[in-house]
Amino acid sequence: YNEAATIGVGAETACIGFLQGIKLAELDKEGKVLKRKGDDVEEEKEWVVVLGGAGSVGQYSVQIAKALGYKVVATCSKRTAELVKGVGANEVVNYTLNEDEQYQKIKEITSGNFFGVWDTVAKSETLGRQLLSDASVSKKRKCYATTDDWSPMEDKPDHCLHRAKLAYIGRPAEESSQPDLDSSLVLYAKFITRLLADGRLKPNETDVVTGGFDAVAGAVEKQLKSAGGKKIVVELQSAD
């Protein structure tokens, strides 16, 4: 149960960015992959960029992209670099570098062979969109997807903008104003279940806090101080 608690919103959000936004692949109604967006190119040359690879959404994003056959370059700290590589990233870039340096490193690593940038931490719009406008050599539909659905952003002529509507995840259907998102989340749940069953998606590492509801406040503070990596799980009741 503790591992399962880390999957829901993190993996669903990763799917919103990659499947609904960037459209890395098409799924049938049972969550099986019908077609990858990169099927018409040599697989070993196709990259995706994940900005923020060490958080919950970032780790699931790396794994999902790899499961779909793409190479992944992700930004993260030096401390979490091995963790991000451990979940599947081919290359990592230190996000403490200035954005010009990050841009150059990602451009060199990918040779511009990417069409999607997924900003899982809602902090890197300038970098992400510059990569698509100036570094990407892809002829496909390019897209910048982000978890930032509140900041003012301009449309660009050379790539689309997709903003994940996180507030709707987990909301009862009768309260949702996005029925299309609701149906997509059901489909993504089937896709995620398949990846878990096949061993191509693994839950995030957990740091379990015991003590029931009384421990929630302390767990939230602990998560806020965390620099990525393990997911804090509060055990409200022992599974024994």
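**A walk through the nonpolar cores and a helix pair**

Let's start inside this predicted model, where the largest nonpolar core has 38 residues, and Phe18, Leu19, Ile22, Leu24, Ile64, Leu68 and Phe191 touch the most other members. Such a core is a set of buried Ala, Val, Leu, Ile, Met, Phe, Trp, Tyr and Cys residues joined through side-chain atoms within 4.5 Å, and buried means under 20% relative accessible area with a 1.4 Å probe, protein chains only. Helix α1 supplies the largest share of this core, six residues. A second, separate core holds 15 residues, including Val93, Ile106, Ala135 and Tyr144. Residues are numbered from 1 along each chain as its sequence is written. Local features need pLDDT of at least 70, and side-chain atom pairs count only at pLDDT 80 or more.

Now follow helix α1 (residues 8-21) to helix α2 (residues 56-67): their axes come within 8 Å and cross at roughly 60 degrees. Helices here are DSSP runs (H or I, at least four residues), and axes are lines fitted to C-alpha atoms over the stretch in contact, with angles from 0 to 180 degrees between N-to-C directions. On the α1 side, the contact (heavy atoms within 4.5 Å) is made by Gly10, Ala11, Thr13, Ala14, Cys15 and Phe18. From α2 come Ser56, Val57, Tyr60, Ser61, Ile64 and Ala65.

Finally, look at two loops. Most residues other than glycine have a negative phi. Ser111, in the loop between α4 (99-110) and β6 (114-119), has a positive phi near 55 degrees. Ala122 also has a positive phi, about 55 degrees, and this residue is buried, with a relative accessible area of 18%.

Key
Side-chain values use heavy atoms; hydrogens and water are left out. Buried means under 20% relative accessible area, exposed over 50%, partly exposed in between (1.4 Å probe, protein chains only).
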